Every structure is written in C-alpha cells, then in structure tokens.
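This briefing covers one protein chain, taken topic by topic. The sequence and the model come first.

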Amino acid sequence: SRLVENQLQAVKQDPQKVAQEEVKAVVAKVGQLIVLPEGEEPVIATVTDPDQLKDQLFFVNAKKGDRVLIYPNAKKAILYDPVANKIVEVAPLNIGNSAPAAVAP
C-alpha cells in the first residue's frame, strides 16, 4: 500500500494539539508495540475524518482520533489507535523528497 499526498487530506496536524510532550508520549507507547526508526522524530498527525480516507487501503480501519506517525527519512508510516493501544497499519511511505502539505511541520 502506498501512502501519497491525497491520502492524507483528512489527516490534519495541529501543532498546538500535538505538543512536544504528547509526541514523546505517543512515540513511547508506539515504541513498546513496534520497532521504530532510530534517529528520527516523526511527524504526528491525527485522523480527523476517517470517512474521507476509507477508500485508501492504509486508512481502511482508521477511526477519528487515531494517530499517524510519519517517518520521512525511514519512509515509513504507522497508524496507531491510542484508545486500544494497538498498531492498526504500517506502510512504506512513498512521498518523494518532501512531506505532503497536509502533514508538513
């Protein structure tokens, strides 16, 4: 499954909502469930409208509030459900040389 810019239209990054401490907390929780890329801090986005994403294989089981950890250097995306504390999906990230505008820092 490929993760491209149009797949992330309904995923929004909110710097005020995703504070530095929260990023660390999410990474720590996900890091207990799966081996994460080292030496890179992910961009974390929140699924805000899963209905817009249902036609994309990566987001087929996404729910509102799920987190997407995007590792541009490692070219990996991880869909995480913080309520169930489960990894929902992992996919190679195929975005070229820059992050999609929908999740740019």
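A residue is called buried under 20% relative accessible area, exposed over 50%, and partly exposed in between, with a 1.4 Å probe and protein chains only. The model is predicted; local features need pLDDT of at least 70 and side-chain atom pairs count only at pLDDT 80 or more, while totals for chains, interfaces and linings use all residues. Residues are numbered from 1 along each chain as its sequence is written, and side-chain values use heavy atoms, with hydrogens and water left out.

**Overall layout**

- The chain holds one helix and five strands, where helices (H or I, at least four residues) and strands (E, at least two) are DSSP runs numbered from the N terminus.
- Read from the N terminus, the order of elements is β-α-β-β-β-β.
- The chain has 105 residues, of which 38% count as buried.
- Of the contacts (heavy atoms within 4.5 Å) between residues at least 6 apart in sequence, 54% join residues at least 24 apart.

- E4 is mostly covered, with five of its six residues buried.
- In a regular strand the side chains alternate between the two faces of the sheet.

**Two turns with positive phi**

- The hairpin of E3 and E4 has four residues between the strands.
- Lys-75, in the loop between E3 and E4, has a positive phi near 55° although it is a residue other than glycine.
- Lys-75 counts as partly exposed because its relative accessibility is 46%.
- The hairpin of E4 and E5 likewise has four residues between its strands.
- Asn-85, in the loop between E4 and E5, is not a glycine either, and its phi is positive at about 55°.
- With a relative accessibility of 33%, Asn-85 counts as partly exposed.

**Nonpolar cores**

- A nonpolar core is a set of buried Ala, Val, Leu, Ile, Met, Phe, Trp, Tyr and Cys residues joined through side-chain atoms within 4.5 Å.
- The largest such core has 12 residues, among them Val-43, Val-47, Phe-58, Val-68, Ile-70, Ala-77 and Leu-79.
- E2, E3 and strand E4 (76-81) are the elements that give two or more residues to this core.
- A second, separate core has nine residues, including Ile-44, Leu-69, Tyr-71 and Tyr-80.

**Salt bridges**

- Two salt bridges are found in the whole structure, each being a side-chain nitrogen of Lys or Arg within 4 Å of a carboxyl oxygen of Asp or Glu.
- One is between the side chains of Arg-67 and Glu-22, at 2.6 Å from N to O.
- This pair links distant parts of the chain, with Arg-67 in strand E3 and Glu-22 in helix H1 (residues 20-31), 45 residues apart.
- Arg-67 is buried because its relative accessible area is 13%, whereas Glu-22, at 26%, is partly exposed.
- The other is between Lys-63 and Asp-81, whose closest N and O atoms are 2.5 Å apart.
- Lys-63 lies in the loop between E2 and E3 and Asp-81 in strand E4, so this pair ties together parts 18 residues apart in sequence.
- Lys-63 is partly exposed at 42% relative accessibility, and Asp-81 is buried with a relative accessible area of 6%.

**Asp-66, a buried charge without a salt bridge**

- Asp-66 lies in the loop between strand E2 (43-47) and strand E3 (67-71).
- Asp-66 is buried and has no salt bridge; Lys-63, the nearest side chain of opposite charge, is 4.2 Å away.
- In this count Lys and Arg are positive and Asp and Glu negative, while His and the chain ends are not counted.
- A polar atom of the Asp-66 side chain does lie 2.9 Å from the backbone nitrogen of Lys-63.
- Leaving aside residues up to four places away in sequence, Asp-66 touches several residues, including Ala-45, Val-47, Asn-61, Leu-79, Tyr-80, Asp-81 and Val-88.

How values were computed:
A polar contact is a pair of N or O atoms within 3.5 Å; within protein, one must be able to donate a hydrogen and the other to accept it, and residues adjacent in sequence count only if both atoms are side-chain atoms. Two strands pair if DSSP finds at least two bridges between them.
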